[in-house]
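Open the model in your viewer and keep the selection panel at hand. The stops below are meant to be taken in order.

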Amino acid sequence: MVAPSPYSLIATDLDGTLLRDDDTLSERSLAALARAGRAGARHLVVTGRPAPRVRPLLDDLGCTGLAVCGQGAQVYDAGADRLLWSVTLDRELAETALGKIEAEVGQVYAAVDQDGVDGLTLIEPGYLMPHPTLPALRVARRDDLWCAPISKVLLRHHTLSDDELATTARSVVGSLATVTMSGPGTVELQPCGVTKATGLALAADHLGLSPGQAIAFGDMPNDIPMFEWAAYGVAMANAHPELKALADEITTSNEDDGIAVVLERLFD
């Protein structure tokens, strides 16, 4: 018999958190999530990846329910393969924001995630994908990035660190967009006011669950709103210092099954 746990909702980031560095899921983590599921807990993936880039992983997890994608801009129903909710980033505002950032730091290299369950990831010349395993289509020029509605813009700079780029972007973008940092080489612009917490709150409400029932796992500053929303936040050992400072607990790294370590204790 699995002992009762105070948490009915398990919210997990993917990259650097549930996934190992080679983008795979460990058997131990899968077993821990399955054990929690048998005890009645719901697992929600809450990721910066857009819905089309999450579908294969949801299949591996056996997930036919909801997932929060695109940094909270999408609530995806895996079983129906449709978006229950999505919000796009105005493309004119995105261009304006990029111009303001480049006026401060010089040239940046951009990519976009298109909206929709079949949206593409488009990258302009010079942009290097931080996750080379994820599919992307290179376009000839920046103007080609704006050919269809987008959920977010991804930015890289050839000399600035992610922290430096994100700090500068926040200082000049203002209300044009929300600036997040979600992983090495991944500074992003998303619709103003949209965070992982907004998407998580919508998904949880759909499931009839509340923040007080939620435990969240993450590794980067884009997980801060999720930690602030949930009752308990667990940072990975490999997490960014900003997230560790806010966490209720620090577990082992994503390579060392940090999520499983905590879930095995809670659902012993």
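Predicted model: local features only at pLDDT ≥ 70, side-chain atom pairs only at ≥ 80, totals over all residues.

Stop 1: Show the strands as a cartoon. Eight strands make up an open sheet with mixed pairing, in the order β5-β4-β3-β2-β1-β12-β13-β14. Now pick out β5 (82-86) and β14: these are the edge strands, each with a single partner, so one side of each has no neighbour in the sheet. Next select residues 42-46 and 66-69, which are β2 and β3; these strands run parallel and are joined by two bridges. Within this pair, V45 is opposite A67 of β3.

**Stop 2: helix α9.** Select residues 258-266. Helix α9 lies across β1, β12, β13 and β14, and runs at about 160 degrees to β12. Which residues of α9 are buried? They are G258, I259, A260, V262, L263 and L266. These buried residues pack against strands β1 (9-12), β12 (214-218), β13 (232-235) and β14 (249-250), and against helices α1 (14-18) and α2 (27-38).

**Stop 3: α2 against α9.** Two packed helices are described by the angle between their axes and the distance between the axes. Here the angle is about 35 degrees and the axes of α2 and α9 are 9 Å apart. The crossing of α2 and α9 is left-handed. Show side chains for R28, S29, A32 and L33 in α2, which meet A260, V261, L263 and E264 in α9. The residues of this contact comprise five nonpolar, one polar and two charged.

Stop 4: In soluble globular proteins, nonpolar side chains tend to be buried together. The largest nonpolar core in this model has 32 residues, and those touching the most other members are I10, L58, L61, I215, F217 and L263. Two or more residues of this core come from each of α1, α2, α3 (51-61), β3, β12 and α9. Centre the view on I10. Beyond its neighbours within four places in sequence, I10 is in contact with L33, A36, A41, R42, H43, L44, I215, F217, L263 and F267. Then select L89, V139, I150 and V187, which are among the 27 residues of a second, separate core.

**Stop 5: V75.** Return to the sheet and select V75 in β4 (74-77). V75 counts as buried because its relative accessibility is 3%, under the 20% cut-off. With neighbours within four places in sequence left aside, the contacts of V75 are L66, A67, R82, L83, L84, W85, G199, L202 and A203.

**Stop 6: two loop residues with positive phi.** Most residues other than glycine have a negative phi. Select Q71, in the loop between β3 and β4. Q71 is not a glycine, yet its phi is positive, at about 60 degrees. Is Q71 buried or exposed? Q71 is buried, with a relative accessible area of 1%. Move on to D81, in the loop between β4 and β5. The phi of D81 is also positive, near 50 degrees, and D81 is partly exposed at 34% relative accessible area.

**Stop 7: G193.** Finish in the loop between β11 (186-190) and α6 (196-207), where G193 lies. G193 is partly exposed, with a relative accessible area of 47%. Not counting residues up to four places away in sequence, G193 touches T178 and T198.

How values were computed: Residues numbered from 1 in each chain as written. Heavy atoms only, no water. Buried < 20%, exposed > 50% of the residue type's maximum accessible area, 1.4 Å probe, protein only. Helix = DSSP H or I, 4+ residues; strand = E, 2+ residues; numbered from the N terminus. Contact = heavy atoms within 4.5 Å. Pairing = 2+ DSSP bridges. Axes fitted to C-alpha atoms, helices over the stretch in contact; angles between N-to-C directions. Left-handed = near helix turned anticlockwise from the far one by under 90°. Nonpolar A, V, L, I, M, F, W, Y, C, P; charged D, E, K, R; others polar. Core = buried A, V, L, I, M, F, W, Y, C linked by side-chain atoms within 4.5 Å.
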